[in-house]
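Please look through the structure shown here.

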Amino acid sequence: MNKIIIFDTTLRDGEQSPGASLNKMEKLEIAKQLAVLGVDVIEAGFPIASAGDFQAVKKTAEEVKGPIICGLARALKKDIDAACMAVKYSRRPRIHVFLATSKIHMKYKLKKAEDEILRTAVWAVKYARDKVGDVEFSPEDASRTEKDFLYRVVESVIDAGARTVNIPDTVGYAAPFEFGELIKGIKESVPNIDKAVISVHCHNDLGLAVSNSLAAVLNGAGQIECTMNGLGERAGNASLEEVVMAIKTRRDIFSGMSTSINAKELYRTSRLVSKLTGMPVQPNKAIVGINAFSHESGIHQDGVLKKRVTYEIIDPSDVGFGDTRIVLGKHSGRHAFRERLKKLGFELNDRELEKAFRQFKSLADKKKAIFDEDIEAIAEDQIRAVPEVYHLQRFYVASGSQVKPQAEVALGFRKKILNASSGGDGPVDACYKAIDKITGMKGRLVDYQLHSITGGKDALGEVTVKVESGGKVVSGRGSSTDIIEASVKAYLNAMNKLAKR
Ligand code: KIV
Ligand code: ZN
């Protein structure tokens with residue numbers, strides 16, 4: 001097996017996401033979870049950047065056992081000293097030194113020529129190696145570096161003692177085919193390359209970070225630098241969960257390759273990182289987005305319920321996600337609806353099911369998300385359905401701050417439609433009085449309660465009433481996204497009970 005080393009830089013490059021800064025204890029909590037996840041290397045921070053970052057790397061080195069703990073440093077004495085001081089408490093410390101090698105960076109940022117860059121890189125690696133046995137070197141902006149110069153730098157830093165040479169696509173400029181060729185070129189052209197691991201570090205400016213990382217391993221890279229949820233500078237880094245699951249799911253392509261990641265911890269780690277960084281995960285994010293295993297379309301729901309693999313290439317429980325989520329909505333079909341009812345413990349007969357399904361479809365037209373509580377309310381409507389002496393055809397209300405509430409109600413009764421209108425203290429009262437006129441029964445409202453069944457502006461409202469008439473008290477229940485309609489249904493439900501007696 002060719003084990004691909006997973007180098008997690010959530011706490012360093014990931015923390016460079018604007019707005020994602022973490023304090024020492026938060027970093028420690030994430031680092032501990034990364035160890036549970038099984039990453040091989042944790043880049044815990046950039047110790048020279050701030051006293052807080054130094055402390056966070058030091059604490060991680062002291063407390064997190066298992067993975068290599070790495071600190072980042074520029075090719076400067078003070079950076080390497082700080083990185084060394086911070087990581088030395090780890091049983092497995094690493095220093096990661098970087099220096100830009102592309103013409104653009106050398107000319108405009110560093111204002112140094114190739115020879116000086118080469119000398120500095122070699123000096124920095126030797127200096128770091130004197131302090132720590134495990135040194136990684138990154139020629140920053142490698143994908144835009146002149147190939148011959150890149151090969152010379154890589155060869156020289158390996159001779160100087162670098163055990164890992166990381167090839168960053170710093171600005172996310174590379175395309176997968178080209179990046180794979182770059183790695184292949186390094187493998188074929190650098191004579192001492194077998195003495196080091198080739199690593200890759202891809203940014204996502206063109207949305208290609210994962211593809212580039214995968215192209216690299218197919219061409220000989222042995223380490224992928226990545227972050228949870230794809231966090232990182234600008235558009236982020238290659239997402240850890242995506243590279244890991246691509247290698248695991250497409251064994252046919254990545255044959256003989258594996259990682260040490262315990263995939264069942266992916267979802268939990270993603271949630272923790274999102275919570276502590278305050279960076280939400282987009283709902284359609286691969287592997288860890290809330291919709292990654294959700295199915296809305298009736299055709300897909302039917303397929304997944306018959307055989308999961310029809311529409312899912314990963315079992316959600318394999319990444320710690322729990323169950324496939326069948327999201328009931330206007331595209332859902334009877335199969336999914338019946339299955340959900342069963343799961344919620346409702347066994348409806350065919351007639352009840354048909355009516356419940358129609359009610360569900362009409363609710364789905366009004367409401368974006370249908371929750372289990374909505375389904376329960378619909379099912380209960382059917383189970384507790386009172387034979388309807390009167391059934392609601394339509395109603396109309398006029399109400400406002402300057403007008404007297406007025407209602408017109410039409411009820412079906414023995415194949416006839418009966419109408420009445422009435423004023424009232426409020427729109428509900430006006431409707432109830434109109435119903436009384438039609439039924440000829442005078443109901444006294446003893447209790448009225450309204451509560452929302454689910455959250456959000458389009459929540460389903462449920463009304464329960466107690467109505468007294470001729471000395472008898474009955475209760476009634478109705479639900480709708482329109483609270484006047486829910487109120488009318490509840491009152492009518494009670495009146496039907498009274499009419500039956
Ligand atoms: O993107 C980059 O080049 C980096 C280096 C420090 C490896 O983050
Ligand atoms: Zn980076």
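**Cores, barrel and sheet**

Setting aside residues within four places in sequence, Ile186 is in contact with Leu150, Tyr151, Val154, Ile167, Ile193 and Ile198. The model is a predicted one. Ile186 belongs to the largest nonpolar core, which has 95 residues; Ile95, Ile167, Ile186 and Leu266 are the members that touch the most others. Both domain 1 (2-277) and domain 2 (294-369) supply at least three residues to this core. In soluble globular proteins, nonpolar side chains tend to be buried together.

Next comes the barrel. Eight strands close it in the order E2-E3-E4-E5-E6-E7-E8-E9, with parallel pairing. On average, neighbouring strands in this sheet are turned by 25° against each other, direction ignored. One of the pairs is strand E5 (residues 93-100) with strand E6 (residues 135-140): they run parallel and are joined by six bridges. Within E6, Ser138 is the residue that Phe98 stands opposite.

Helix H1 (residues 24-37) touches strand E2 (5-8) and strand E3 (41-45), and its direction makes about 175° with that of E3. Helix H8 (residues 209-218) lies across strand E7 (164-169), strand E8 (197-202) and strand E9 (223-226), and runs at about 165° to E8.

Is helix H3 mostly covered or mostly uncovered? It is mostly covered, with eight of its eleven residues buried. These are Asp79, Ile80, Asp81, Ala82, Ala83, Cys84, Ala86 and Val87. The buried residues of H3 pack against H2, strand E4 (68-74), E5 and helix H5 (114-131).

The contact between H2 and H3 can be followed residue by residue. The axes of H2 (residues 51-63) and H3 (residues 77-87) come within 7 Å and cross at roughly 35°. On the H2 side are Phe54, Val57, Lys58 and Ala61, which meet Ala82, Met85, Ala86 and Val87 of H3. Seven of the residues in this contact are nonpolar, none is polar and one is charged. An α-helix has 3.6 residues a turn, so residues three or four places apart point the same way.

Most residues other than glycine have a negative phi. Lys111, in the loop between helix H4 (103-110) and H5, has a positive phi near 55°. Asp141, in the loop between E6 and helix H6 (147-160), also has a positive phi, near 65°. Are these residues buried or exposed? Lys111 has a relative accessible area of 64%, over the 50% cut-off, and is therefore exposed. Asp141 has a relative accessible area of 0%, under the 20% cut-off, and is therefore buried.

Strand E14 (residues 406-413) and E15 pair over eight bridges in the antiparallel sense, and Gly412 stands opposite Ile417 in E15.

Technical notes: Residues are numbered from 1 along each chain as its sequence is written. Chains are lettered from A and ligands numbered from 1 in the order in which they are written. This is a predicted model: local features need pLDDT of at least 70, side-chain atom pairs count only at pLDDT 80 or more; totals for chains, interfaces and linings use all residues. Side-chain values use heavy atoms; hydrogens and water are left out. Axes are lines fitted to C-alpha atoms, for helices over the stretch in contact, and angles run from 0 to 180 degrees between N-to-C directions. Helices (H or I, at least four residues) and strands (E, at least two) are DSSP runs, numbered from the N terminus. Contact means heavy atoms within 4.5 Å. Ala, Val, Leu, Ile, Met, Phe, Trp, Tyr, Cys and Pro count as nonpolar, Asp, Glu, Lys and Arg as charged, and the others, Gly among them, as polar. A nonpolar core is a set of buried Ala, Val, Leu, Ile, Met, Phe, Trp, Tyr and Cys residues joined through side-chain atoms within 4.5 Å. Buried means under 20% relative accessible area, exposed over 50%, partly exposed in between (1.4 Å probe, protein chains only). Domain bounds come from an automatic or database domain assignment. Two strands pair if DSSP finds at least two bridges between them.
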